[in-house]
Amino acid sequence: MARSTLALGNPKLTDRQDTGARLLHSSARMSYDPTVEVDWDAPIPDDLYGLTPEWSSLYGTPMWDEMTFEQQIRLTKHEVSSIMGTGIWFEMILQQMVIRDMYAKDASQAHFQFALTEVADECRHSVMFARTAEKFGCPSYVPRKSVVTLGRGFKALASGEVAYAGILVAEEILDVMQRDWMKDTRVQPIVRVTSKIHVVEEARHMRFAREETLRRAEGMSRVHRAASRACIAIASNLIVSSMINPAVYAAAGLDTERAVREAKNNRFRAEKIRESSQPLMRFLDEADLLGGPSRRLYKRVNML
C-alpha cells in the first residue's frame, strides 16, 4: 500500500492502513513469548536490585543512605513489583479502550488487525509482570481504591484522543525507565529480560497510539481541546502518583510515614520523573494537547 498523508496535511501521519500493515509486519518479525524467553525457574540473586537504584523513590534521600544494602535490594524488588502492578492495572484499561474503539469495525483492515495484536501483546505483558512479582515473593500491588474507581470511569468513557493519549502516558514513561533497567547489570536478570521484551513490543504500540492521538485531535474545537487536555492531565496524574504503593516501604522494614514524606520531597526522584516524561510532554505539546490548567496537574507530579 502506498504511503500517503491525511487530507488535513499532518506530515507526521501516514495512511492508517499503511501504518497497520507495517506494524503487523514488525510484530511478525520481532515479538517475544515471555513463557519461553524468560527463565522462570532461574534463582533470584540476593545481591541484585529490582530496578536501577537511581529509579528508586528513596534514592538520594537520607533514608536511602541509612538503609542496609539488603533493605535497598528488598525495597527495589517491591518497587518494581508495584510499578508492574500499576502497569497491569492500566494495561487492562488500555485493552478495553482499544477493543471498544474497534467494536464492529472492518476486520479485514490492517489497522483493525494490529489493534487486536496490541491487545494480545498487552495480555502477555500483564501475565509477564504478574509472574515477575510472584518470583520476587511480592504481593499483587494495585492503586488505591479511589484511583481504581476513577479508572473504571476512564476505561468506560474515554475515547478518541483522550483514550490514545492516555495509553501513551504509561507506555512512554515506563519505556524510559525500562531502557535503563534492561542495560543495568546491577538489576535482576528477570527484570532486565522482561524490560527488553516490553521495550521492543511497546515501541509499536506507542507508534500506533501517537498516530491515533494526532488523527483524533485534528480539527477539534477550542472547548473540546481544553476538555481533552484536562482529561489527559488527570489520567497522567493518577498513573504517575500510583506507581509506588506506600506498602512497599513497610515491606522493606521502613517507617512508612517517613518514607512517604521523603519520597514526596525527593528532588532527585522528581528530576528522574521529569526526565522520563520529556518525550511525552514534547509529543503532547506538538499535538496541542498541553496547555492551560493542565500544566499545573503535570507539575504536581513532576512531569513538567
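This is a predicted model: local features need pLDDT of at least 70, side-chain atom pairs count only at pLDDT 80 or more; totals for chains, interfaces and linings use all residues.
**Note on helix packing and selected residues**

1. The crossing of H7 past H12 is right-handed.

2. Which residues of H7 and H12 make the contact? From H7 come Ala 165, Leu 168, Val 169, Glu 172, Ile 173, Val 176, Met 177 and Asp 180. From H12 come Lys 272, Ile 273, Glu 275, Ser 276, Ser 277, Pro 279, Leu 280, Phe 283 and Leu 284. By class, the contact of H7 with H12 holds eleven nonpolar, two polar and four charged residues.

3. The H4 and H5 pair is the other packing to check. Helix H4 spans 69–102 and helix H5 spans 110–135. Their axes are 9 Å apart and the angle is about 160°. H4 and H5 are therefore roughly antiparallel, because the angle is over 145 degrees. H4 passes H5 in a left-handed crossing. The contact of H4 with H5 divides into 13 nonpolar, six polar and three charged residues.

4. On the core: the largest nonpolar core has 85 residues. Which of them touch the most other members? They are Leu 58, Leu 75, Met 177, Trp 181, Tyr 249, Leu 284 and Met 303. Met 177 and Leu 284 also take part in the contact between H7 and H12. Beyond four places in sequence, Leu 284 touches Ala 165, Ile 232, Leu 289, Leu 290 and Tyr 298. Ala 165 is among the H7 residues of the contact with H12.

5. Ile 167 lies in H7. Is Ile 167 buried or exposed? Its relative accessibility is 0%, so Ile 167 counts as buried. With neighbours up to four places away left out, Ile 167 is in contact with Phe 90, Leu 94, Met 97, Val 98, Glu 118 and Ala 209. Glu 91 is 76 residues from Ile 167 along the chain, yet their C-alpha atoms are separated by 8.3 Å.

6. Gln 188 deserves a look. Where is Gln 188? The residue sits in the loop between H7 and helix H8 (189–217). Gln 188 is buried, because its relative accessible area is 0% and the cut-off for buried is under 20%. Outside four places in sequence, Gln 188 touches Ile 44, Pro 45, Leu 48, Tyr 49, Gly 50, Lys 77 and Phe 136.

7. Backbone check, Ala 104. Its phi is positive, about 60°, although Ala 104 is not a glycine. Ala 104 lies in the loop between H4 and H5. Is Ala 104 buried or exposed? Ala 104 is exposed, with a relative accessible area of 72%.

8. Backbone check, Asn 302. Phi is near 65°, again a positive value in a residue other than glycine. Asn 302 is found in the segment after helix H13 (294–300). At 25% relative accessibility, Asn 302 counts as partly exposed, because this value falls between the cut-offs of 20% and 50%.

Methods: Residues are numbered from 1 along each chain as its sequence is written. Side-chain values use heavy atoms; hydrogens and water are left out. A crossing is left-handed if the near helix is turned anticlockwise from the far one by less than a right angle, and right-handed if clockwise. Helices (H or I, at least four residues) and strands (E, at least two) are DSSP runs, numbered from the N terminus. Contact means heavy atoms within 4.5 Å. Ala, Val, Leu, Ile, Met, Phe, Trp, Tyr, Cys and Pro count as nonpolar, Asp, Glu, Lys and Arg as charged, and the others, Gly among them, as polar. A nonpolar core is a set of buried Ala, Val, Leu, Ile, Met, Phe, Trp, Tyr and Cys residues joined through side-chain atoms within 4.5 Å. Buried means under 20% relative accessible area, exposed over 50%, partly exposed in between (1.4 Å probe, protein chains only). Axes are lines fitted to C-alpha atoms, for helices over the stretch in contact, and angles run from 0 to 180 degrees between N-to-C directions. Angles under 35 degrees count as roughly parallel, over 145 as roughly antiparallel, 65 to 115 as roughly perpendicular and the rest as oblique.
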